[in-house]
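Good morning, and thank you for coming.

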Amino acid sequence: MIVIDTIFFILFSSVVILSLSGLGRAFLQNRDNDFFLNIFFGFILTSLLVTFIHFFVKINIYISLSILFLGLTFALKNIHEINKINKKDRIIYLIIFLILIPIFITQKYHEDFGYYHLPHIVNTVNEKIIFGLANANRAFVHNSIWLNIMSTFYLKDNFNFVTLPNFLIYLIFIIFSVNQIIKNEKNISYFFLIVSIFYLILKFTRISEFGNDIPAIIFSILSIFYFFRLMEQEEIEKKKDYFFYNFSFAIFAILIKFSSIPIIIFSIFIFLKHHKILIKDIFKFKFVLIYSLGLIFFFQQFIYTGCFIFPSIVSCLDVSWFDEYFLTSKERLELVN
C-alpha cells in the first residue's frame with residue numbers, strides 16, 4: 001500500500017510540476033526561459049487565476065482541474081524545453097525528489113493550520129468570496145495569497161494534499177539551485193545559493209509545520225538571487241529580465257507573508273540605479289500582470305475586512321463590514337516583524 005501511495009504521489013507531483021511549468025511559460029513568453037524558472041512563475045499565475053475566479057465562484061475540484069489541464073496544454077506545446085534537460089541531470093533531479101519525499105510524508109501540522117489555514121481553504125472551496133468574512137472569524141483578518149493556491153489542492157473531506165504546493169516549491173527551489181550552481185560561474189550569486197540550500201535543508205525538516213514561511217522565504221531568496229545576478233550582468237536585456245524576476249518574486253513574497261516587505265528595497269535600488277533602461281519596461285504586459293495580482297489581492301483583503309492593507313487604518317474605509325477591532329488583531333496574531 002505504501003509503495004502504491006508513493007508511486008501515485010510521484011506521478012501526481014510530476015503532473016502538477018509539468019502544469020506549473022506550462023503556466024509559467026505562458027506567463028513569461030520567453031523562448032530561452034529556464035524550465036524551473038517557469039515553475040516559479042506558474043505559482044504566480046495560479047494565484048492570479050484562483051484569486052480572481054474566487055470573486056465569482058467557489059474554487060471547486062472542476063476549477064482546480066481546469067487550471068491543471070490549462071497548464072498541461074501549454075507545457076505540451078513547449079515540450080522541447082523539458083527535452084533540453086539531459087538524462088544525467090534528470091537522474092540527479094529524480095534522486096533529489098526521492099530523497100525529499102520523507103519531508104512531506106512525515107509532515108506535522110502546526111497549530112496555525114487548524115486555526116486559520118484550513119478554515120480559509122475550506123471557505124474558498126465551499127463559497128465564493130464573502131463580504132465581511134473577518135467578522136465571522138478573526139483569523140481571516142489577515143490573508144495570505146499562498147492559501148489561495150493551497151485551496152486548489154483540497155479534496156472533499158481530504159486535506160492531505162493541501163500542503164503539496166509547499167513541498168513542491170521547496171523541491172523545485174533545491175533543484176533549481178543545484179542547476180544554477182552547476183552551470184554558473186563562481187560568483188556572489190553562486191555562493192548565495194549554496195548558503196541558501198544549506199539553510200533550507202537544516203531549517204525546514206518538515207513542510208507544513210512552518211506554514212507560509214517556506215514559500216515566503218524561498219521567493220524572497222529568489223528575489224535576492226536575481227538582484228545579485230543583475231549586478232553581475234553586463235548585457236542590458238539580461239538586466240531587464242533579472243529586474244523583472246527580482247521584482248515579481250519580491251511582490252509575491254510580500255503577498256504570501258507581509259513581513260517580507262523589506263525585500264522590495266532591492267527592487268527599488270535596482271530601479272533607481274538603472275531607471276534609464278528600465279523605465280519603459282515597467283509598463284509592459286508582464287509587469288501589468290504583477291500589478292494586477294497585487295491589486296486583486298488587496299481588493300480581496302478589502303472585501304474580507306474593509307481595509308486594503310492590514311493592519312493600516314489609513315487604508316480602511318467606513319463600510320458596513322469594517323470593525324475597528326480588526327486593527328488590534330495584529331497583536332493577537334503576532335503579526336510583528
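Let me begin with a term: two residues are in contact when they have heavy atoms within 4.5 Å of each other. Please also keep in mind that this is a predicted model.

With that term in hand, consider helices α2 and α3. Thr46, Leu49, Val50 and Ile53 of α2 meet Ile63, Ile67 and Leu70 of α3. Sorted by class, this contact has six nonpolar residues, one polar residue and no charged residues. How do the two helices run relative to each other, parallel or antiparallel? Their axes, for residues 35-53 in α2 and residues 61-77 in α3, come within 11 Å and cross at roughly 150°. An angle over 145 degrees counts as roughly antiparallel, and α2 and α3 are therefore roughly antiparallel to each other. The crossing of α2 past α3 is right-handed.

I turn now to a second pair. Helix α11, residues 236-256, and helix α14, residues 285-305, have axes that come within 11 Å and cross at roughly 10°. That makes α11 roughly parallel to α14. The residues of their contact comprise twelve nonpolar, two polar and two charged. Among those in α11 are Phe243, Phe244 and Phe247, and α14 contributes residues including Phe297 and Phe298.

Finally, which residues does the disulfide join? The structure holds one disulfide, and it links Cys307 to Cys316, with an S to S distance of 1.9 Å. The link of Cys307 and Cys316 is right-handed, with 100° about the S-S bond. Cys307 counts as buried at 1% relative accessibility, and Cys316 is buried with a relative accessible area of 14%.

Note on methods. Residues are numbered from 1 along each chain as its sequence is written. This is a predicted model: local features need pLDDT of at least 70, side-chain atom pairs count only at pLDDT 80 or more; totals for chains, interfaces and linings use all residues. Side-chain values use heavy atoms; hydrogens and water are left out. A disulfide is a pair of cysteine sulfur atoms within 2.5 Å. Buried means under 20% relative accessible area, exposed over 50%, partly exposed in between (1.4 Å probe, protein chains only). Axes are lines fitted to C-alpha atoms, for helices over the stretch in contact, and angles run from 0 to 180 degrees between N-to-C directions. Helices (H or I, at least four residues) and strands (E, at least two) are DSSP runs, numbered from the N terminus. Angles under 35 degrees count as roughly parallel, over 145 as roughly antiparallel, 65 to 115 as roughly perpendicular and the rest as oblique. Ala, Val, Leu, Ile, Met, Phe, Trp, Tyr, Cys and Pro count as nonpolar, Asp, Glu, Lys and Arg as charged, and the others, Gly among them, as polar. A crossing is left-handed if the near helix is turned anticlockwise from the far one by less than a right angle, and right-handed if clockwise.
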